Amino acid sequence: MLQTRVSCVDQKQKENIVKILRQSVEGQGAHFVSFNPENGEWKFFVNHFSRFGLTEEDEEDMMMEDTAVDEDPPELNHDEISDADEENQMDPTGIVLSHSLPAHLGLDPIKMQEMRMLMFSDLDEEAEDLKELPAHYNPSFGKEYSRSPLQNAQRMSYRSTPPTVRKTPLALLEYKHGSFDSNSPGAILMAQENKALPLKTLKEGFKLDLSSETPVTRKDSRNIVDAGLLMGRSFRVGWGPNGILVHAGTPIGSNGSQRVLSSVINMEKVAIDNVVRDENNKVRAELVETAITSPLELHKGLFHETKEVEIASFSLRLQKLVSNRFMLSDICRSYVDIIERQLEVPGLSSSACLVLTHQIMIWELIKVLFSERENGEKMESFGADDEEEMVQDEKLPSQETDPEALPLIRRAEFSYWLQENVRHRVEEIISLNESNYLESILLLLSGRQLDEAVELAASQGDVRLACLLSQSGGSIVNRSDIAQQLELWRINGLDFSFIEKDRIRLYELLAGNVHGAFHDIEVDWKRFLGLLMWYHLAPNTPLPIVFRTYHDLLNGNKAPYPVPVYIDGRVEETVDRSAEKRYDLSYYLMMLHGSEDSEVDFLKTMFSAFSSTYDPLDYHMIWHQRAVLEAVGVISANDLHVLDMGFVSQLLCLGQCHWAIYVVLHMAHCEDFPYLHANLIREILFQYCDSWSSQISQRQFIEDLGIPKAWLHEAMAVYFNYYGDLSKALEHFIECANWQKAHSIFVTSVAHTLFLSAKHSEIWRLATSMEDHKSEIENWDLGAGIYISFYLTRSSLQGADDAMSELDSVESKNAASREFLGQLNLSLAVWGAKLPMDVRVVYSKMADEICNLLLSDISEGPTRDVQLSCFDTVFSAPIPQDLRSNHLQDAVSLFTCFLSEVAT
């Protein structure tokens, strides 16, 4: 529907409008139906839904016919333009269209047009040069874009400036990689269609600043993938290695109100390596050693079982860590030692220290819940647990453990682990709150710090309370007595207002009523779990029942959620509150211990990054924890590939390609995807060839893993071929048995260089190394076979002792030379333009040498006919004209002698 004013349009204008509309519709592949100038109704039929309408060039053409309609344009602009038309003018502060994707991304539409004109030459009929727009133009999407073509045409007819000259779009030629110096960034070069003109670099836009690292940390790193998917549809996004994102939109994490130019390309890096950065965001070698290398070396030093998997003509040795629960304690202790060394690295942020401390606690919990001891092994000290726990602080080395006491021993160890976990929180709350001693005692009891609680009560002169506290968490009889006493007080109408509120809370807790004691006090989930185990349940309750009790209360919303440590610990860097829906890794370990089945349904969530760290891309430690639990038979899972690939990405980002391949070999084998490991390893070898091939230790490590050497040579061959080092590429193509590619490079790029450098032994070595596989090589006789034939023919003509076949007559020499020269001519015909000029020079030199050797013995010919036949062979050789002329003179001289002999 076009909005027109009949009073302002005469009959001639109407006909011109219909003509222009018809041409515009048919030019876009649609069919014109009709146009009614009375109501502005324009009908046309389209075969598909796309963008149809008038370009600004069409609008100009419509109005160039009507420039003389009015003699006073300024007066018309002020007096005759309707109010509705005024509303359609662009408002500098107008609201951006809600459905516009460029508007959502804060892009400049003018630069968008320029980009389209530069990138897509087939749209040059629609694109215009917009550089002549007025300086006051506002590049926001306003209401003017919804104005009809007729209104645009009437306004454009009164421009004071002539229309801009259309320019031919520049074609995208190539990307020239710049240095990492900020003064010479990489740039996309544009060239005119005339290739003789010098290339010009754009002075504005398309600049890639590679001078500094741009890691997108913390919350932004989890959004960068969504940004790539969103912008990839319209603005072409490129993903590079190590989490590099190249895009033309708003930088990740920037202010949403910031206006950016769509012609500027941004390079951003996902913070995959955040775990090895210090508080100044710098990668530390000590952190790489302690966080990545040392744990993997420990993992590699443990016992593995291997499984041979056939991949086409190659085989891979898949590995799997194997251990038992008797060794679990030592394994956990080794991992703890590595993490403690990492905590000693200076410059760590507080959040990193908290996560590392949590990792130590996780390894200690794994040891407590899943390790086993052989009889007679010395027991460790478990702290000051009560005698009702039925565990003493130490056991004698010679004393064997009663199997019936093992669950209670494990409970005592878990109790000590839980006390150590909540101790810092209790001490922090007490130090921050200036509370009375009764409240402090209640807090101390929530952390099972009985000694401190009893001492505090005794120091305040409350001896009776101290006696009760000394028996807290003991037998059920004591709890029932206190609970019965509280109930009698309520029945008898005791006025509890005369008793301190905190004292009543203490009595409720000692009676086993955890909810009554802490009904309006915030308690974290670990302390709540401890309160259930220490004061509510019986002292001999097994751990699985304790965990199930907490789980049931959690499902009934009667227990605090087991949020991850970075939320429970109030880490400042944590801003994604959606992670609160995930549970802490220690909670999943407790549920795993309480489960009788090793195949549970929460393993994927359990081993997600959010369960142990605020960094959603950090998988380095949970990969080891999963491997150890799987090795001792606690879990069994074959679908945790996200965890494996997350850790592989971290290793590749740090340049640890050999360890990344090591992790891939530990991925579970899936019958549905038998080539998964091979594809991943080859992808790593190809993409990161520059990294692992330049380090001898990495390459040797990869070979020791049993990776086929042909894969390594193939990756290096492609790498050197890409960078133009064809000699090295040829060597590696031969090593990986890619005979056809090796032969092509040898013939077109390498052999002639060696020949002109007189390195004939090297040519012979390369050619003979491919000769055994000549049946697999197309045009072998016309390629590398040429060089072998040349050396053999030359040796035979020279009469060398080591020649394979000695030619004893001129006829045989002539036949051998004719065969070789014919081979040269056929090679030139078959290869054609593929052969560079230097190869033709080499062929000419070989032909000339063979011709000279042949003609050097021509005097030994038995007849003149044989001698003249040798000259016929020489004339067929691909040699320069001057040399051919010399031989022709010799042939004429010989023929003259022949005629004189006949005459006499």
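1. By the rule applied here, the count comes to 27 salt bridges, where a salt bridge is a side-chain nitrogen of Lys or Arg within 4 Å of a carboxyl oxygen of Asp or Glu. The model is predicted, so that local features need pLDDT of at least 70 and side-chain atom pairs count only at pLDDT 80 or more, whereas totals for chains, interfaces and linings use all residues. Residues are numbered from 1 along each chain as its sequence is written, and side-chain values use heavy atoms, with hydrogens and water left out.

2. One of these pairs is E508 with R490, whose side chains meet at 2.4 Å, N to O. The pair links distant parts of the chain, 18 residues apart, with E508 in helix 17 (residues 501–510) and R490 in helix 16 (residues 476–491); helices are DSSP runs of H or I, at least four residues, numbered from the N terminus. E508 is buried at 9% relative accessible area, while R490 is partly exposed at 41% (buried is under 20%, exposed over 50%, partly exposed in between, with a 1.4 Å probe and protein chains only).

3. R765 forms a salt bridge with E731, the closest N and O atoms being 2.6 Å apart. Because E731 lies in helix 31 (residues 726–735) and R765 in helix 33 (residues 760–771), this pair ties together parts that are 34 residues apart in sequence. Both are partly exposed, E731 at 27% and R765 at 37%.

4. R765 also forms a salt bridge with E762, with 2.4 Å between the closest N and O atoms. These two residues both lie in helix 33, three residues apart, about one turn of the helix, and E762 is partly exposed at 26%.
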